[in-house]
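This briefing is meant to be read beside the sequence and the structure. It begins with a single position and then turns to the chain as a whole.

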Amino acid sequence: MAAMNEENGTAMHNAGEAVGPSLARQKLENLLNKSMRIRMTDGRTLVGLFLCTDRDCNVILGSAQEFLKSTDSFSQGEPRVLGLAMIPGHHVVSIEVESDSLLSPRVI
């Protein structure tokens, strides 16, 4: 029977050998440092680099910019620079990965 190691998300067999991170964790790790657009319940949109998340679906964005919901559908207005931002999971309406950040190679 496999048990979950909470510190790093790897499954452990009774013999103690690591099986590897789960598929969901691998997908999240592939999104690290990618540009994301997060729409919030109050109409604001935050754009920044995905740095981390937790079990409560809170998201940390780096180099974040805030765009207010505009009354004019043709313009989003000037962004407000936030820097490092934490978005509570219960305020997230949608998350999109910017397509240009998916095309850039990952630097190791």
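Does Gln 65 count as buried, partly exposed or exposed, and at what relative accessibility? In this predicted model, Gln 65 has a relative accessibility of 30%, and because buried means under 20% and exposed over 50%, Gln 65 counts as partly exposed.

**Surroundings of Gln 65**
- Gln 65 lies in strand β6, which covers residues 59-67.
- When neighbours within four places in sequence are left aside, Gln 65 is in contact with Thr 45, Leu 46 and Val 47, and also with Pro 79, Arg 80, Val 81 and Leu 82.
- Leu 84 is 19 residues from Gln 65 in sequence, and the C-alpha to C-alpha separation of Gln 65 and Leu 84 in space is 9.2 Å.

**Cysteines**
- Cys 52 is partly exposed, with a relative accessible area of 35%, and Cys 57 is likewise assigned as partly exposed, at 48% relative accessibility.
- With a disulfide taken as a pair of cysteine sulfur atoms within 2.5 Å, the count of disulfides comes to zero.

**The chain as a whole**
- The secondary structure consists of two helices and eight strands, and along the sequence these elements follow the pattern β-β-β-α-β-β-β-β-β-α.
- Of the 108 residues in the chain, 24% are buried, while the accessible surface comes to about 7800 Å², with 56% of that surface belonging to carbon and sulfur atoms.
- Among contacts in the chain with a separation of 6 or more, 37% are accounted for by residues 24 or more positions apart.

Technical notes
Residues numbered from 1 in each chain as written. Predicted model: local features only at pLDDT ≥ 70, side-chain atom pairs only at ≥ 80, totals over all residues. Heavy atoms only, no water. Helix = DSSP H or I, 4+ residues; strand = E, 2+ residues; numbered from the N terminus. Buried < 20%, exposed > 50% of the residue type's maximum accessible area, 1.4 Å probe, protein only. Contact = heavy atoms within 4.5 Å. Areas by Shrake-Rupley, 256 points an atom, 1.4 Å probe, with all protein chains shown as cover.
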